[in-house]
Number of protein chains: 2
Amino acid sequence: MDITEVAKASGLPASTLRFYEEKGLIQSNGRNGLRRLFSASVIERLALISLGRSAGFSLDEIAEMFTPDGPDINRALLSAKADELDRTIEELIAMRDGLRHAAVCKAPNHFECPKFLRLLRVAGKNRFRQPNKLKEKELK
Amino acid sequence: MDITEVAKASGLPASTLRFYEEKGLIQSNGRNGLRRLFSASVIERLALISLGRSAGFSLDEIAEMFTPDGPDINRALLSAKADELDRTIEELIAMRDGLRHAAVCKAPNHFECPKFLRLLRVAGKNRFRQPNKLKEKELK
DNA sequence: GCTTGACTTCAAGTCGACTTGAGCCTTTAT
DNA sequence: ATAAAGGCTCAAGTCGACTTGAAGTCAAGC
């Protein structure tokens, strides 16, 4: 497959594919003149990369997982991420409940509402970095 | 309170407080010489900002919420974010289950495991940008 | 009176994951 | 034969939320 086909099949722009190749996340198996040739299996690989990204792995972490240096490093890492996700999920649930409440709360000032204050305490504990916002292009 | 007290009370570095002030997220009420003076209420405000960040609002969005131009813009926005969080939570739950499964799965290749493939499909739908990783400093 | 240390401003740097641009080379259609 | 389409490389730019650095100001203690 050439890069455009891979781009279409995966939904990723060609620039990203080149970038991933440079990072060692995918390989092209040869060239046709200048042009990269990919085997069809790269699609699954890309799906796996998407999956990893969605689960919160960085590209570097994903790259490591693809070159198994140790025996069970992957499994340990996977479990650890699952645990991490678990915590994140609980935080988000508290957050969601708080938002929903705040949206309908009658109290003139949220600080007078005990429910809200409880939420505030939860949130205070979990200050983690947030994703960048999506760009227009990525939204449609 | 001076900036160091606020920093201690809020857990945020002074640089962040200056940055927030510049962005209009907080106000200092006067100076002692050059030095900013803050009223104690800034602490609650900062907690609210933290809360907003944790819930996925950008600083700009938070700033907007603090200057209510419309009547119920806040409530609508809060509800919308709650809905958004709800979707995110479901995705993360699928992701977590998938990771947990992958960590113990016996299949030599995950692509041969139906459970994993199902997860892969879910993940494929939700490619959203991920947070930057935390820095050392922020971890401890 | 002079150092020290905490504050100040303003500009520039950082992080990760890409994207964009400039300038070149090839294949394909006219 | 020539031009458009599309791939190539490499460097630089982008995004948001801060952080860092240089250079200056100021009050307090010796």
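Predicted model: local features only at pLDDT ≥ 70, side-chain atom pairs only at ≥ 80, totals over all residues.
Figure 1. DNA strand C is surrounded by 19 residues, the closest being A:S15, A:T16, A:Y20, B:T4 and B:R36. Of the atoms of DNA strand C that come within 4 Å of the protein, 82% belong to sugar and phosphate. By class, the residues of this surface comprise 6 nonpolar, 6 polar and 7 charged.

**Figure 2. Polar contacts to phosphate oxygens of DNA strand C.** In chain A, a polar side-chain atom of A:S15 is 2.9 Å from a phosphate oxygen, and a polar backbone atom of A:L59 lies 3.1 Å from a phosphate oxygen. From chain B, a side-chain N or O atom of B:R36 lies 2.6 Å from a phosphate oxygen. Two or more residues of the surface near DNA strand C come from each of α2 (14-23) of chain A and α1 (3-10) and β2 (35-36) of chain B. The largest share, 4 residues, is that of α2(A).

**Figure 3. Protein surroundings of DNA strand D.** Around DNA strand D there are 19 residues, with A:T4, A:R18, A:R36, B:T16 and B:Y20 the closest. Sugar and phosphate make up 83% of the DNA strand D atoms that come within 4 Å of the protein. The surface has 7 nonpolar, 6 polar and 6 charged residues.

**Figure 4. Polar contacts to phosphate oxygens of DNA strand D.** A side-chain N or O atom of A:R31 is 3.1 Å from a phosphate oxygen. In chain B, the corresponding distance is 3.5 Å for a side-chain N or O atom of B:R53 and 3.1 Å for a polar backbone atom of B:L59. Elements giving two or more residues to this surface are α1 (3-10) and β2 (35-36) of chain A and α2 (14-23) of chain B. With 4 residues, α2(B) gives the most.

Conventions: Residues numbered from 1 in each chain as written. Chains lettered and ligands numbered in written order. Heavy atoms only, no water. Near = heavy atom within 4 Å. Polar contact = N/O pair within 3.5 Å; in protein donor to acceptor, adjacent residues only side chain to side chain. Nonpolar A, V, L, I, M, F, W, Y, C, P; charged D, E, K, R; others polar.
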